Amino acid sequence: MVRPYAMTKGRTRPSGREFDLIALVVSDLPAAAAPGGPDLAAGPEQGLILDLCRGNALSVAEIAADLDLPLGVVRVLLGDLLDAGLIRVSRPVPPALLPDEHILREVIDGLRAL
């Protein structure tokens, strides 16, 4: 068993922004593409993340559950993959930017009036 701090090289936070639990992650790499290079020394866990997300959007929580890894570890690994351009992340819309319920009711009433 590999210790979580070994997988993340001792880091406890991703290099960029935090990942929300419901953020959707997808990898568009073809199956033959081998991740790695100077910016990313892809470990087996990162390879598993890429396999899980290849052509299939999964939430951060689902990835952590499928890999049976702590959420903090998955967030750091996802940050590395995102920095390397190997995944795309769709972050959820903040509640403050969602339309007000009153406006939605007015739209529904307007549509019914048609």
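Where is aspartate 68 found? Aspartate 68 sits in the loop between α3 and α4, and its phi is near 55°, a positive value in a residue other than glycine. With a relative accessible area of 67%, aspartate 68 is exposed (exposed means over 50% relative accessible area, buried under 20%, and partly exposed in between, with a 1.4 Å probe and protein chains only).

Before going further, a word on the model: it is predicted, so local features need pLDDT of at least 70 and side-chain atom pairs count only at pLDDT 80 or more, while totals for chains, interfaces and linings use all residues. Residues are numbered from 1 along each chain as its sequence is written, and side-chain values use heavy atoms, with hydrogens and water left out.

## Overall layout

The protein chain has five helices and three strands, which follow the pattern α-β-α-β-α-α-β-α along the sequence. Helices (H or I, at least four residues) and strands (E, at least two) are DSSP runs, numbered from the N terminus. Of the 114 residues in the protein chain, 30% are buried.

Serine 27 lies in the loop between β1 (24–26) and α2. The side chain of serine 27 makes a polar contact with the backbone oxygen of leucine 86 at 3.3 Å. A polar contact is a pair of N or O atoms within 3.5 Å; within protein, one must be able to donate a hydrogen and the other to accept it, and residues adjacent in sequence count only if both atoms are side-chain atoms.

Helix α2 also holds glutamate 45. Glutamate 45 and leucine 69 are 24 residues apart in sequence, and their C-alpha atoms are 9.2 Å apart in space.

## One salt bridge

A search of the whole structure finds one salt bridge (a side-chain nitrogen of Lys or Arg within 4 Å of a carboxyl oxygen of Asp or Glu). Its partners are aspartate 51 and arginine 54, with the closest N and O atoms 2.9 Å apart. Side chains of opposite charge can pair when their charged atoms come close.

Here is how several residues compare in accessibility:

| Residue | Relative accessibility | Class |
|---|---|---|
| Serine 27 | 0% | buried |
| Glutamate 45 | 18% | buried |
| Arginine 54 | 26% | partly exposed |
| Aspartate 51 | 46% | partly exposed |
| Leucine 111 | 56% | exposed |

Leucine 111 is placed in helix α5 (residues 101–113). This helix has 13 residues and reaches 18 Å from its first C-alpha to its last, close to the 18 Å expected at 1.5 Å a residue (the expected span is 1.5 Å times one less than the number of residues). At the start of α5, a side-chain oxygen of aspartate 100 comes to within 2.8 Å of the backbone nitrogen of histidine 102.

Ile103, Val107, Leu111 and Leu114 make a nonpolar surface patch of about 450 Å². Patches are made of residues with over 30% relative accessible area and no salt bridge, with like charges joined within 9 Å and nonpolar side chains (Val, Leu, Ile, Met, Phe, Trp, Tyr) within 5 Å. Accessible areas come from the Shrake-Rupley method with a 1.4 Å probe; for residues, only the protein chains shown count as cover. An α-helix has 3.6 residues a turn, so residues three or four places apart point the same way.
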